[in-house]
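Good morning, and thank you for making time for this presentation. I would ask you to keep the sequence and the structure in view while I speak.

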Amino acid sequence: MTFDEKLKAEARREGGPLPLGFDERMDALLDTLSAGAQPTKKRHAPRTVVCIGIAAALVVSVAAAAPAVLQMARNAISYFDRNQNSEYANYQGKYERFNAAVGMSDTNGGQTLTIDNIAVDDSYLMIFSTLKSETPIELRSGEHVSPSASVEWTAPTFFVEINGELLDTTGPVENEAELVDAYTLTAVQRIALKKLLPDQFDMVLYEGGMSDITQSNFQFAMSVDKSTVAVETLTVKPMQDFTVDISTDYQGETIQLHYAPRIERVSISPFGSSITLSEASADPLTSFVLRDERGNYLPLLYIGSVGGSEISRATNSFEFIGATLDTQSITLIPYLDEGRSHKVEGTLDSLPLTDNSAGGFTLESLDIGAERTVAAFSIRGAVDYTNAQFSLLLANGTPLDRLVDCYMDFTYDRQNALCITTIEYPDATPELLAQVTGVSFWQPNELTLLEDQAVTIVLQ
């Protein structure tokens, strides 16, 4: 079985249907990797990272006229007017302070796709778009897909060319979408930038099932100037090499692990903070925590990673929260982890709910509704994952998810350092929900931090 076949099989095992065009899109992405590059498994993926495009028959070419330069300046973003519960709502002010109102549209097969706004800083590219259709939009769905996730699967997902080169989007790509009505879908795509973009660059966005631009359904060409964002950005490029050696027992056998990553970049910027590592390995280092000079841990939001080979470096970007422009340094600390957790349980009136673990979650609030429950978890100390999983419990202790289908999704309140976990249960009856009296969640076990192998990145 080839590596791309393994990746596709892994995607099938992880639940949710493969979207139309997935195989072609994955093949195209693999073709862009250097020889010997090998994708590895996702870690704690909160949502789909390779999404459905829009199936259409016609291919539209980019206009030949030179595009106007888009300045990152103060502009309203209508997406938030239609989606006030957006994961990114707390950052709306930052996005609106540094974005370009684009307004470019392309029509294809009875559908019109409009790029409403583009926002970009040193860490992330945000693409706000609206899809209008002459006929009702057919949502992509399937087994184990929640109603809200089916909207995200249907949202457009863009390939990006920067100065004529395909942007590496093999890492974290997040989609959020809202169905305004049967004919209108508004969406935002958030792409983690593995490389620092120049202040001025030409960009082509195109949407379709493959990275081959000649096969795209929609195309948009523009020039971008992001120099104004620098006033609120702290970015360093240490190019700092270090090694990590771990000895661990697995099924009675001692395994020696060796890592040799390079810290390419650390950015604290308006849209989020990120640390970028590269490594010539099929299984690069991902087991680490971050701590600032004051001793505060900076939770890592693991979304995905890719591997390379002994002759081809893989580059991965990891988002973290809690740093500011005043942060003096960040220390990367590898850890040993058994991969185990324990259950914390309580009644609905026992919130905030936690235990005495040095690192872990606290269930701060719980909003139980007729079709979904939204839980907010704060994060403390050193943890190896930030997706808090919970269950609603009936009076007899039975979890709700054993009685009806439940769909779990994770988003983040980055401003307040919270994990927002949502459970949807479209088939639950009011009578069944009335029996819910308790809640439980999984608390990660304590990590063994390898302080002797820590490395510090000076930011100031």
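A residue is called buried here when its relative accessible area is under 20%. What you see is a predicted model, and every value I quote was computed from it.

By that cut-off, Tyr 88 and Tyr 95 are both buried. Their rings form an aromatic pair of the edge-to-face kind, with 6.4 Å centre to centre and 70° between the planes. How many aromatic pairs are there by this rule? The count comes to 14. Tyr 88 and Tyr 95 also belong to one aromatic cluster, together with Tyr 79, Phe 80, Tyr 91, Phe 128 and Phe 271.

I turn now to another aromatic pair. A pair of aromatic rings is described by the distance of the centres and the angle of the planes. For Phe 159 and Tyr 206 the centres are 5.6 Å apart and the planes lie at 25°, so this pair is stacked; the cut-off for stacking is an angle under 30 degrees. Phe 159 lies in strand β5 and Tyr 206 in strand β9, residues 200-207, so the pair ties together parts that are 47 residues apart in sequence. Phe 159 and Tyr 206 are buried.

β5 and β9 run antiparallel and are joined by five bridges. Within this pairing, Glu 161 has Val 204 of β9 as its bridge partner. β9 also pairs with strand β10, residues 218-225, again in the antiparallel sense, over eight bridges. There, the bridge partner of Phe 201 is Val 224 in β10. Is β9, then, enclosed or open? Six of its eight residues are buried, so β9 is largely enclosed by the rest of the structure.

Next, the backbone. Which residues other than glycine have a positive phi? Asn 163 is one of them, with a phi of about 50°, and Ala 417 is another, with a phi near 55°. Asn 163 is placed in the loop between β5 (158-162) and β6 (165-166), whereas Ala 417 lies in the loop between β25 (407-413) and β26 (418-424). Asn 163 has a relative accessibility of 45% and therefore counts as partly exposed. Ala 417, at 26%, also counts as partly exposed. A further backbone feature is the peptide bond from Leu 351 to Pro 352, which is cis, with omega near 0°. Pro 352 is found in the loop between β21 (341-347) and β22 (360-368).

Finally, the cysteines. A disulfide is a covalent bond between the sulfur atoms of two cysteines. How many disulfides does the structure hold? The number is zero. Two of the cysteines may be described by their accessibility. Cys 406 is partly exposed, with a relative accessible area of 26%. Cys 419, by contrast, counts as buried because its relative accessibility is 0%.

Thank you for your attention.

Note on methods:
Residues are numbered from 1 along each chain as its sequence is written. This is a predicted model: local features need pLDDT of at least 70, side-chain atom pairs count only at pLDDT 80 or more; totals for chains, interfaces and linings use all residues. Side-chain values use heavy atoms; hydrogens and water are left out. Helices (H or I, at least four residues) and strands (E, at least two) are DSSP runs, numbered from the N terminus. Buried means under 20% relative accessible area, exposed over 50%, partly exposed in between (1.4 Å probe, protein chains only). Rings of Phe, Tyr and Trp (its six-membered ring) pair if their centres lie within 6.5 Å; planes under 30 degrees apart count as stacked, over 60 as edge-to-face and the rest as tilted. A disulfide is a pair of cysteine sulfur atoms within 2.5 Å. Two strands pair if DSSP finds at least two bridges between them.
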